[in-house]
Amino acid sequence: MRARVEIDLGALRANVRALRARTDGAAYMAVVKADAYGHGMVRCAEAALQAGATWVGVATPYEALELRAAGITPERARVMCWLWTPGGPWREGIEADLDMSVSDLWALAEVTEAARATGRRARIQLKADTGLGRNGCQPADWADLVDKARAAEREGLVTITGLWSHFACADEPGHPSIAAQLARFDEMSARAYAGGLRPEVRHMANSPAVLTLPEARFDLVRPGIAMYGLSPAPELGTPADHGLRPVMTLAAPLALVKHVPGGHGVSYGHHYVTAGPTTLGLVPLGYGDGVPRHASGAGPVLVDGKWRTVAGRIAMDQFVVDLGGETPPEGTEAVLFGPGDRGEPGAEDWARAAGTIGYEIVTRIGGRVPRVHVDGEPHGDAGPGADAAGPRD
């Protein structure tokens with residue numbers, strides 16, 4: 001392979017079990033949106049279910065429908081999606097037994113119209129904007145949404161299965177917005193109960209809340225990045241501090257190793273010039289594969305047991321590291337990030353180099369880098385071994 005992303009499903013299952021142990025009995029939703037943060041949506045959803053998850057969460061209805069088509073049936077797991085736009089596939093969502101989020105009256109109108117057309121109740125969850133200022137119903141409009149949703153429920157068009165919200169700053173322990181949002185969620189929930197709603201679940205806890213806010217776990221938790229073995233924020237500690245192991249490794253073989261003289265410019269713009277005679281190694285990955293161009297001159301790479309740094313600009317398909325005169329053979333593995341077993345960098349090291357967050361580093365790795373799912377921990381029918389497949393396998 002020109003390059004590969006290795007996904008350790010055994011590590012993912014272990015992470016799910018470690019997170020479930022902290023949930024005080026709350027149900028577990030495995031968040032696998034954005035192709036499971038770049039890890040392979042269907043395979044990761046299956047692994048999470050094997051480890052005890054009972055819900056699967058995605059952003060778009062199309063992701064949710066893909067999970068159903070892949071065999072994650074209603075008998076096996078509840079599937080929830082929350083990012084809808086007008087004209088979305090509500091009817092298909094009802095027929096697939098999805099739990100669909102509603103944040104506004106336009107969405108309630110569309111889902112009830114689809115329910116009438118199908119002759120089946122739609123399962124919906126009402127989302128409250130408790131302070132994030134993104135999706136969700138504003139407090140001033142909440143009573144109207146609750147009352148109209150309850151009327152639709154009495155009419156037999158919907159079943160209101162949940163109330164939920166999302167934190168703005170759960171990754172910043174002690175931030176005043178955390179307590180404010182929890183209080184607002186309790187207030188909005190109380191109004192929903194007063195209006196006759198009896199949801200199955202209330203939920204707010206994302207990864208940082210699962211790790212640090214037991215009061216936010218309610219009936220269901222929604223870990224995302226932590227399930228993949230990354231810390232939601234450096235301030236919350238390393239993955240190992242929480243009993244988690246990074247699931248993704250990104251590596252490629254050196255495509256070329258060559259001697260160059262001192263004063264030799266490297267890559268576009270010659271932002272890197274060799275200080276003296278040295279050797280350069282060519283890594284066949286670039287921003288076309290999701291390696292962030294902003295990490296030019298800073299991204300760390302493990303080559304032949306030593307950390308090297310990207311020399312010059314990262315190009316679309318390749319970048320260069322200065323090997324300091326050493327001459328490992330072509331084909332020697334260059335590891336951009338992984339769990340650290342061999343001393344390689346982690347995704348967070350690349351995040352610092354690019355001025356971003358670990359979430360983006362793993363999620364942005366593109367589809368032309370094949371995912372190789374390995375199973376380091378036998379479970380059920382899955383024995384040790386590996387198989388290569390695309391990001392949607």
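Predicted model: local features only at pLDDT ≥ 70, side-chain atom pairs only at ≥ 80, totals over all residues.
Strand S4 covers residues 78-81 and is covered on both faces. Arg-78 and Met-80 lie on one side of S4, Val-79 and Cys-81 lie on the other, and all are buried. Strand S3, made of residues 55-58, pairs with S4 in the parallel sense, over four bridges. In this pairing, Val-56 has Val-79 of S4 as its bridge partner. The chain gets from S3 to S4 by way of helix H4 (residues 61-69), and this β-α-β crossover is right-handed.

S4 is also joined to strand S5 (residues 99-102) by two bridges, and these two strands run parallel. Here the bridge partner of Met-80 is Asp-99 in S5. Helix H5 (residues 90-95) forms a right-handed β-α-β unit together with S4 and S5.

In the UniProt record, an unreviewed entry, Lys-33 carries the feature "modified residue: N6-(pyridoxal phosphate)lysine". Where is Lys-33 found? Lys-33 is in helix H2, which spans residues 33-38. Its relative accessible area is 29%, so Lys-33 is classed as partly exposed, a class that lies between the buried cut-off of under 20% and the exposed cut-off of over 50%. Setting aside residues up to four places away in sequence, Lys-33 touches Gly-57, Val-58, Ala-59, Glu-63 and Trp-82. Of these contacts of Lys-33, Gly-57 and Val-58 fall within the residue range of S3, and Glu-63 falls within that of H4.

The largest pocket has a volume of about 750 Å³. Which residues are closest to the centre of this pocket? Among the 35 residues of its lining, they are Lys-33, Arg-134, His-166, Asn-206 and Tyr-359. The elements that give two or more residues to this lining are H2, helix H9 (207-212) and helix H11 (358-363).

Tyr-268 sits in the loop between strand S12 (265-266) and strand S13 (272-273). Is Tyr-268 buried or exposed? Tyr-268 counts as exposed because its relative accessibility is 59%, and the cut-off for that class is over 50%. Apart from neighbours within four places in sequence, Tyr-268 is in contact with Arg-313 and Ala-315.

**Positive phi angles**

Most residues other than glycine have a negative phi. Asp-24 is not a glycine, yet has a positive phi of about 55°. Tyr-37 likewise has a positive phi, near 55°. Asp-24 is in the loop between helix H1 (9-20) and strand S2 (27-31), whereas Tyr-37 is found in helix H2, the helix that also holds Lys-33. With a relative accessibility of 61%, Asp-24 counts as exposed. Tyr-37, by contrast, is buried, with a relative accessible area of 8%.

The table lists the accessibility of the individual residues discussed above.

| Residue | Relative accessible area | Class |
|---|---|---|
| Asp-24 | 61% | exposed |
| Lys-33 | 29% | partly exposed |
| Tyr-37 | 8% | buried |
| Tyr-268 | 59% | exposed |

**Cavity**

Rolling a probe the size of a water molecule over the atoms shows where empty space is left. How many cavities of 30 Å³ or more does a search of the whole structure find? The search finds one. The largest cavity has a volume of about 40 Å³. Its lining consists of Leu-250, Gly-290, Val-291, Pro-292, Leu-336, Phe-337, Trp-350, Ile-361 and Ile-365. One of these lining residues, Ile-361, falls within the residue range of H11, a helix that also gives two or more residues to the lining of the largest pocket.

Methods:
Residues numbered from 1 in each chain as written. Heavy atoms only, no water. Buried < 20%, exposed > 50% of the residue type's maximum accessible area, 1.4 Å probe, protein only. Pairing = 2+ DSSP bridges. Right-handed = clockwise from strand over helix to strand, strands pointing away. UniProt positions renumbered as here; feature names shortened; annotations may be inferred. Contact = heavy atoms within 4.5 Å. 1 Å grid on protein atoms, 1.4 Å probe; cavity = no way out; pocket = protein on both sides within 12 Å on 5 of 7 lines; lining within 4 Å. Points joined across faces, edges and corners; volume = space filled by probe spheres on them.
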